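Please keep the sequence and the model in view while reading.

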Amino acid sequence: MPEVCRRSTMEYIKHMKRLGETLFELLSEALGILTLLLQNHISGLQVLHKDQWFDVRPTRGGLVVNIGDLLQVLSNDTFKSVKHRAIANRVGTRITVPCFFSGHATLLEKPFGPIKELISEANPPRYEEFLLKDYVAKFLSSSLDNKPPIDYYKL
């Protein structure tokens with residue numbers, strides 16, 4: 001890391017980690033994976049809604065919180081993952097700093113599914129349990145069959 005930005009980058013990482021931990025506490029101790037995205041004033045992030053792509057306009061000083069597939073599964077669809085993409089534009093240089101949060105590597109071997117307290121007769125599970133390592137394998141190969149990994153586990 002260049003000396004000119006080393007100290008500020010390390011300080012930024014420390015604050016992002018603290019923010020991520022706080023968000024996890026607010027969402028629930030058991031809810032696992034999301035992404036925080038800091039972006040400059042140049043847009044380029046888009047989300048898919050009803051088969052149409054929409055721009056996510058940057059907000060000065062704001063962070064984008066992207067709920068991932070695994071949080072959708074854990075919350076039994078209370079929180080929704082959104083398909084998104086980054087596009088290039090000709091306005092200027094787009095700068096983004098994503099921070100990915102995930103659990104410990106030991107979680108790869110444990111069953112993963114909707115949180116039991118969120119399941120009831122009125123709200124049955126929408127996903128079968130699976131091993132996180134199986135999801136990761138499907139995620140890493142998903143471009144081959146174009147099927148989102150979360151779809152393999154829907155009931």
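In this predicted model, valine 47 has histidine 84 of strand 5 as its bridge partner. The contact belongs to an antiparallel pairing in which three bridges join strand 2 (residues 45–49) to strand 5 (residues 84–86).

**Strand pairing**

- Strand 2 also pairs with strand 3 (residues 52–55), again in the antiparallel sense, and four bridges connect these two strands.
- Within that pairing, glutamine 46 finds its bridge partner in strand 3, namely aspartate 55.
- Two residues lie between the strands in the hairpin of strand 2 and strand 3, where lysine 50 takes a positive phi near 50 degrees.

**Salt bridges**

- Side chains of opposite charge can pair when their charged atoms come close.
- Eight salt bridges are found when the whole structure is searched.
- Arginine 6 and glutamate 3 form one of them, with 2.7 Å between the closest N and O atoms; because these residues are three apart in helix 1 (residues 3–27), about one helical turn separates them.
- Arginine 6 is partly exposed at 37% relative accessible area, whereas glutamate 3 is exposed at 60%.
- Aspartate 55, the strand 3 partner of glutamine 46, also forms a salt bridge with arginine 57 at 4.0 Å, N to O; aspartate 55 is partly exposed at 38%, while arginine 57 is exposed at 61%.
- Lysine 154 and aspartate 151 meet in a salt bridge at 3.4 Å, N to O, and lysine 154 is partly exposed at 44%, as is aspartate 151 at 28%.

Notes
Residues numbered from 1 in each chain as written. Predicted model: local features only at pLDDT ≥ 70, side-chain atom pairs only at ≥ 80, totals over all residues. Heavy atoms only, no water. Pairing = 2+ DSSP bridges. Salt bridge = Lys/Arg side-chain N within 4 Å of Asp/Glu carboxyl O. Buried < 20%, exposed > 50% of the residue type's maximum accessible area, 1.4 Å probe, protein only.
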